[in-house]
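Work through the exercises below with the sequence and the 3D structure in view. Try each task before reading its solution.

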Amino acid sequence: MHILRPSGARPGFYSALTLCLFMAFAARLLVAIVWPQPWRPDEIFQYMEPAHKLAFGTGITTWEWHAGIRSWLVPGIIAQLMKIGAACGITQQLLFIRVCIAFFSLPVVIAFFWPLFQAFV
């Protein structure tokens, strides 16, 4: 049994899953573009500032980074997105990051709906 092609999948399985992914991505884009939530100081100082420092060499890092008690994983991912956005000439970096994070969250939708679609579609 191949993981991407379940045996016995009904004809509407992939079209239903594709529709679900499209609707989930559209909802995430709508929230990211139309109703952006304010960035809170904790998000700025714990993720965006260290990411900006990694990407461009300037930024504020709080004591947690100097003491080594925070992981650089999330700021590292955001820094790479910032570099890609700058290389592509994107001026709205925060919107670009939100759209990318919306896209990266789609596997959660697949993991949640995959068993349901296999059972009912």
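**Exercise 1.** Find which residues phenylalanine 96 touches, not counting residues up to four places away in sequence.

Solution. Contact means heavy atoms within 4.5 Å. With that cut-off, phenylalanine 96 touches Leu81, Ile84, Gly85 and Ile90. The model is predicted: local features need pLDDT of at least 70, side-chain atom pairs count only at pLDDT 80 or more, and totals for chains, interfaces and linings use all residues. Residues are numbered from 1 along each chain as its sequence is written, and side-chain values use heavy atoms, leaving out hydrogens and water.

**Exercise 2.** State which residues of helix 4 are buried, and what they pack against.

Solution. Buried means under 20% relative accessible area, exposed over 50%, partly exposed in between (1.4 Å probe, protein chains only). The buried ones are Pro75, Gly76, Ile78, Ala79, Leu81, Met82 and Gly85. These pack against helix 2 (41-56), helix 3 (63-67) and helix 5 (93-104). Leucine 73 lies in helix 4, but leucine 73 is exposed, at a relative accessible area of 57%.

Notes:
Helices (H or I, at least four residues) and strands (E, at least two) are DSSP runs, numbered from the N terminus.
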